[in-house]
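Take a moment with the sequence and the 3D view. The paragraphs below start with the whole chain and then move to one site.

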Amino acid sequence: MRKQSKFVGATFGAITLLALGAGPALASGSSVNANLKPIPGSGVEGSGTAMVSVSGTTITVTMAATGLLAGQPHAAHIHFGADARHECPVIGDDTNKDGHLNTSEGAPAYGPIVVSLTKSGDTSPASALAVKRFDTAPGGKLTYERGSIKVSSAVAAAISAGKAVVVIHGVDYNKDGKYSGTVKSDLAPTLPTEATDPALCGALLAAPVGGMATGDGGAAGGVNSGLLIIGGGALVAAAGTGVIAGRRSRTAVR
Ligand SMILES: [Cu+2]
């Protein structure tokens, strides 16, 4: 009996290690997740997820999204501002009341750009609109993975603290399949506002392994469970070779 409980304890310990090892974060690092949802007034019907692992002042970012304007560059950033609300904007942030949120109108919610999620080269705010280095969402689907992104210690701390926000830009209000329209971008007057207005957004929040039962309620909690199911699935798969399989075979013997 005593032997068995020791075995179970050891197995659970191993599972915990597996779960921690599943993320790119090192033992000293942390990891935060975002559920990307359409910006109100964007006309976007898409969704996505983003994960950022922090190790010292280096971050690794993985992101996937659907429902974006296909074949057009989508600037994507991590935003953070000490004075921001650390969340995605609401339609009440539409200060000019045109029914759309441009990037500046969202700033009180998510703050300025701190990391440009380019696929190559510089990742600083200077690359905020480096159009040729962002994903073009073929078929409306964006996939992104990049490691070794250096950030300041302040930005690393903000991300770890759950205060940063991922924003993917680029919308198509008039549904003509391209960035167009007479309204110019608040960021770059040479571009239509469609090219830079925010499309999908998600606050990067700490989601401890198995910690979803606490339920933070609301829509965010609901979307978060999607990520957790993925995590849970991996756990079950890992456990399948151990405890669960063992239990099953025991049952079969009986
Ligand atoms: Cu941005």
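How much of the accessible surface of the chain belongs to carbon and sulfur atoms? The share is 62%, out of a surface of about 12700 Å². Keep in mind that this is a predicted model.

Stay with the whole chain for a moment. There are 254 residues, and 40% of them count as buried. The chain has 6 helices and 9 strands. Look next at how the sequence folds back on itself. Take the contacts between residues at least 6 apart in sequence: 69% of these join residues at least 24 apart.

Now find the copper ion. Three histidines coordinate the metal: His77 through ND1, His79 through NE2 and His169 through NE2. The distances run from 1.9 to 2.0 Å. Along the sequence, the donor residues follow the spacing H-x1-H-x89-H.

Are histidine 77 and histidine 79 buried or exposed? Histidine 77 has a relative accessible area of 1%, so it is buried, as the cut-off is under 20%. Histidine 79 also has 1% relative accessibility, and therefore counts as buried.

Beyond its neighbours within four places in sequence, histidine 77 is in contact with several other residues, including Ile113, Val115, Leu117, Phe134 and Val167. Ser116 and Ala128 are also among them.

Technical notes:
Residues are numbered from 1 along each chain as its sequence is written. This is a predicted model: local features need pLDDT of at least 70, side-chain atom pairs count only at pLDDT 80 or more; totals for chains, interfaces and linings use all residues. Side-chain values use heavy atoms; hydrogens and water are left out. Donors are N, O and S atoms within 2.8 Å of the metal (3.2 Å for Na, K and Ca); water is not among the atoms, so sites may look incomplete. Buried means under 20% relative accessible area, exposed over 50%, partly exposed in between (1.4 Å probe, protein chains only). Contact means heavy atoms within 4.5 Å. Helices (H or I, at least four residues) and strands (E, at least two) are DSSP runs, numbered from the N terminus. Accessible areas come from the Shrake-Rupley method with a 1.4 Å probe; for residues, only the protein chains shown count as cover.
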